[in-house]
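Trainee: Could you take me through one part of this model in close detail? I'd like to see how it sits among its neighbours.

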Amino acid sequence: MAIKGELLLILIHSSITMPRGKCLTELEKGYIAGLKAAGYSNRSVADVMGRSRCLINAYTKNPELYGQKKHIGRPPKTTSRERRMILRAASNSILSSTQIKTQLKLDVSSKTVRRVIKKSRFIRRYKMRRAPFLSAEHRQKREQFARAHINTDWSKIIWSDEKKFNLDGPDGYRYYWHDIRKEKMYLEQRSFKGGRGVMVWACFGSKGRIQLNFTPPRINSDIYKFIMRRSLLPYIKRHRRDNLLYQQDNASSHKSRSTMRWFQKKHISLLDWPAHSPDLNPQENVWGHMVRKIYQNGRRYTNQDQLKKAILEAWKTVDQSLVDNLVLSMDDRMFKVIQNRGGPIDY
């Protein structure tokens, strides 16, 4: 009893305040060990230390495991090694959860694989943005173009492009698992997709939209020059004092000898455009605006006449505020191309 009295006096006269609602400190664990060795019951220890009896019971039951979190629920179906393998396979990959499961020969469901990936702090399911195929030479020329035009007056440019609209909706996106610690992946495009649809040529300038033209699926030099005479030339004549430049991509019908002679004869100045650069062309953003209007709520078309009518209605919704914002975006596009060393940009 003398030992008990001494321990009790130590606790009483120590200026230590025993915290409530918190885990035991190392000092408190020492006091408990001393009191238990002196023959105190758990209730008496709790009363002396100002702690709950449940807490004292939990500690004295198994002091070595005290404070360690207990796993609640079913044990995981995958081991830590398997979870690491799943995350490595998914990192910046287009593999589906089923393909990852098959590739790693895992004895779990595809749903379990998806749960493992979703719990990762770094991997998210993203749509793969479309981007042109870019060789090292393409990247170099894109960067050179951006550096040469960092201070260009973009209000002097007429932007043009062709696009194919499909009867059964826009071309889909490919999804992939994006690891935020890595660069984004892009879906490289080399040419137009096949299938039933309508081909369209359109352009716009800082002054607004220019007449939209429906064209054959394949445009040769003669057809292209006819479109230029019909739509581009009247616009340039109306604004001849503005010294406008016409932008076009490097399609064969655009760059043929006869086409280039025609531009020269009509005194139309051309913007020297880098190959494989639709992400630099704001006309692509106009197409995106129109696609959302044309295929709104999953709409599909049974014939070309219906689709053409919807295209013309969508073209009318391209207002001056959209045109102005696209023209203003060009400086930022040039900066991002330089920053990305000629690589694709998010536009």
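Mentor: Happy to! Two strands pair if DSSP finds at least two bridges between them; strands (E, at least two residues) are DSSP runs numbered from the N terminus. This is a predicted model, with local features needing pLDDT of at least 70, side-chain atom pairs pLDDT 80 or more, and totals for chains, interfaces and linings using all residues. Residues are numbered from 1 along each chain as its sequence is written, and side-chain values use heavy atoms, without hydrogens and water.

Let's pick strand 5, residues 197-205.

Now for the partners. Strand 2, residues 157-166, pairs with strand 5 in the antiparallel sense over eight bridges, and E162 stands opposite W201 there. W201 also has a bridge partner in strand 7, namely N213. Strand 7 covers residues 213-215, runs antiparallel to strand 5 and is joined to strand 5 by three bridges.

Further along, a hairpin of two residues joins strand 5 to strand 6. Strand 6, residues 208-209, pairs with strand 5 over two bridges, in the antiparallel sense. Within that pairing, F204 has R209 of strand 6 as its bridge partner.

Terms used
Buried means under 20% relative accessible area, exposed over 50%, partly exposed in between (1.4 Å probe, protein chains only). Helices (H or I, at least four residues) and strands (E, at least two) are DSSP runs, numbered from the N terminus.
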